[in-house]
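Welcome! Here is a short briefing to read alongside the sequence and the 3D view.

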Amino acid sequence: MHILVFVKQVPDASQVRVNYETGTLIREGVPAILNPFEEHAVEEAVRLKNEYGGKVTIITMGPPQASEALKQCLSRGADKAYLLSDRIFAGSDTLATSYALYEGARKIVDLEGDVDLFFAGKQAIDGDTAQTGPGIATRFNLPLITYLIKIDELNLEEKYVIATRLTEFGQETIKAPIPVFFTVEESLNILSHSPLPYLIKAEKAEIELLSGKNVPLDKEQCGLKHSPTMVKKAFTPEKRQRGATLSGTFDDVVSQTADKIAPFLKKVS
Amino acid sequence: MSDIKYDVAIVGAGPAGLSAAIVLAKAGVNVIVVERGRFPGAKNVMGGVFYTDCMKGIVEEFPNGAPVERHIIEQRMWMIDDESYVGFGHKNAKFDKEPYNCHTVLRAQFDKWLAKQATDAGALIVNKTVVTEPIMEDGKVVGIKTGRPEGDIKANCVIVADGVNSLMAKSLGFRAKLKKESVALAVKEIIGLDEKVINDRFNVTGSQGVTIEMTGSLFKGAEAMAFLYTNKKSVSLGVGMIIEDMMKHNINPNELIESLKKHPAISPLIAGGETKEYLAHMIPEGGYNDMPQLVGDGVMITGDAATMVNAVHREGSNLAITSGKLAAQTYLEAAEEGDFSSAALSSYIDKLQESFVMSDLKKYKALPKLLQKNRQLLDKYPKLMNDAAFELLTVDGISKQEKQKHIWKNMKQQIGFTNMLKDLYKIWRSVG
């Protein structure tokens, strides 16, 4: 079984602060991390590999320093990692990014063989669009299961998977043929403590490089020029106010709380 | 999974561990470094001055290519009380000539660079992994256990460089628990300022820099040591105190650094700055007398883990670097004979004795105890000096002779003439 995981290196959103005077983000000194949803995607891929056999390949698109995120995937037990990096991709929106990753993934199929399971995070924590994964799946014309929370059954002989996804109203359990594309929730699994041999292998591993030189690309679909997304408006979110502290006896606090939330409940109903 | 086996396993990717790794890897030794932080430098803290001479012993081309901040051309020493200081400084054109004596550095970047020197030389560094204890066979150290699954690493020799709170030195039984009277807690802020503002405020240009070392009572009358170092676009401001004193005076580290930032001599230097980072770390101040056993069968202890800090001159990293290098050299000699017993490795101690490391630590060995028992040396005297300077320099119609008499009387009242003589003698005995 061959599993391909799409990952992204993102700024650690929990450490990005807003300069409320200028309305800009303070990016300085914010560390780059592996998109947390994709950490869970890699975890799941490696878990399946260990159970069913096969290999896990990783691909990311980004600048050279994104190889740090790839190393992190390798230290979770992935076998090989590809970095798709080219100036031509600068300024790509989700449409252009999903095109570039689609072409990169096709190259990986050439090099590493057919892929059975495709994984990506449900979204990246910097953009929150949740479009790139579905964009790639659509280009491959694959069945797509978004917001994956559980793989109930994987049958490699009969080539199907039964999986559960999260919806706005509850859960859905779906049967889909393999190959299939998943985008995953964090609740899919609990991250394991990687064995030391994985970390040693990751430190020794070479990252494979992909670019316009070895991947056939249609330049009319790459980069800022061919990214139709437009930012309509940017605004600074309101500074979060400190929560109110209620005091008094237990009964006092309860009735004060009830008074405060009653109007909201009325509005909702 | 087959056994993981290396020639040498190094615990900790700080200056001591990385220096050992560089020397060993350059000699073709198969070496692994295990670091608990996210990357080398993620958990490492110091004031921020690195000395050139000892670094050149590890990386010859230093400081070329290294992320250094400013070279230090002026060192100021201040005796402080809570609202004043009496100072002494030394600025020298010789410090402005290459090779520079020392540079300020920011550890998160500097340690990454040092780690790259090690990996470029062929060492393997594994991060995010805690080493819990040694693997013992027949009373000999034959490797290390990590907190990870399948986490055992076998090695001919283990170099322990896991810092002040060394789990390894403890589990080897080489030393007892840290003592609250011989460990300081230091807190530090990196405060961002414009390059030009720093140049103007400290009277420097280009990559020139200034250090200020402070000692005295800053807050609640307790003895503190503080520092301010200039970086390119920030200053490192920090303060430390022996943990026992913090407990006694009920001081928390935050209060301490806040009072330093408000000190009338410091606040104009950092005005308008924005705190970029907040760091805290323990410093082993016990010196020579607190050193653990340094060598065992298949194991050597280096750096902070071996209490190699010269508290008087505020030096730690250069002792760490040198001890790491000497441990590596000892391994190379031992490998020729294939003998890693404590007898064979004991030449590490000889090498330390011959170097400045042991000779400096021995020179000041009585000082930590002396200062523990005679706190007036570091809180009352600076205060008296400040009071005396103020009185002498205030023009208020009282004759200078009268002022001197009063200062003298005050000193005798506060400490006593015989006590002063005793203190002088003790200091002379322990630093002379």
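Two strands count as paired if DSSP finds at least two bridges between them. Helices (H or I, at least four residues) and strands (E, at least two) are DSSP runs, numbered from the N terminus. This is a predicted model, in which local features need pLDDT of at least 70 and side-chain atom pairs count only at pLDDT 80 or more, while totals for chains, interfaces and linings use all residues. Residues are numbered from 1 along each chain as its sequence is written, chains are lettered from A in the order in which they are written, and side-chain values use heavy atoms, with hydrogens and water left out.

**Chain A at a glance**

- Chain A holds six helices and 13 strands.
- Its C-alpha trace spans about 70 × 45 × 40 Å along the principal axes.
- Of the 269 residues of chain A, 42% count as buried; buried means under 20% relative accessible area, exposed over 50%, and partly exposed in between, with a 1.4 Å probe and protein chains only.
- Contact means heavy atoms within 4.5 Å. Among contacts in chain A between residues at least 6 apart in sequence, 71% join residues at least 24 apart.

**The sheet of chain A**

- Nine strands of chain A make an open sheet with mixed pairing, in the order E11-E10-E9-E12-E8-E1-E6-E7-E13.
- Strands E11 (171–177) and E13 (208–210) of chain A each have a single partner strand, so they stand at the edges with one side left without a neighbour in the sheet.
- From one strand to the next, the twist averages 30°. Axes are lines fitted to C-alpha atoms, for helices over the stretch in contact, and angles run from 0 to 180 degrees between N-to-C directions.
- Strand E1 (residues 2–7) of chain A runs parallel to strand E8 (residues 117–121) of chain A, and four bridges join them. Here A:Leu4 stands opposite A:Phe118 in E8(A).

**Helices on the sheet**

- Helix H2 (residues 67–75) of chain A packs on the sheet, where it touches E1, strand E6 (55–61) and strand E7 (80–84) of chain A. The direction of H2 makes about 165° with that of E7(A).
- Helix H4 (residues 132–140) of chain A lies across E1, E8, strand E9 (144–155) and strand E12 (180–184) of chain A, and runs at about 175° to E12(A).

**A covered strand in chain B**

- Strand E4 (residues 68–81) of chain B is mostly covered, with 11 of its 14 residues buried.
- E4(B) and strand E5 (residues 84–91) of chain B pair in the antiparallel sense over eight bridges, and they form a hairpin with two residues between them.
- E4(B) also pairs in the parallel sense with strand E12 (residues 208–219) of chain B, over nine bridges.
- B:Arg76 stands opposite B:Gly89 in E5(B) and opposite B:Ile212 in E12(B).
- Two bridges join E4(B) to strand E6 (residues 102–105) of chain B, and these strands run antiparallel. In this pair, B:His71 stands opposite B:His103 in E6(B).

**Where the chains meet**

- 14 residues of chain A are in contact with 20 residues of chain B.
- The two chains bury about 1,300 Å² between them, 64% of it on carbon and sulfur atoms; buried area is the accessible area (1.4 Å probe) that two parts lose on being put together, summed over both.
- Helix H5 (residues 196–204) of chain A gives the most to the side of chain A that touches chain B, with six residues.
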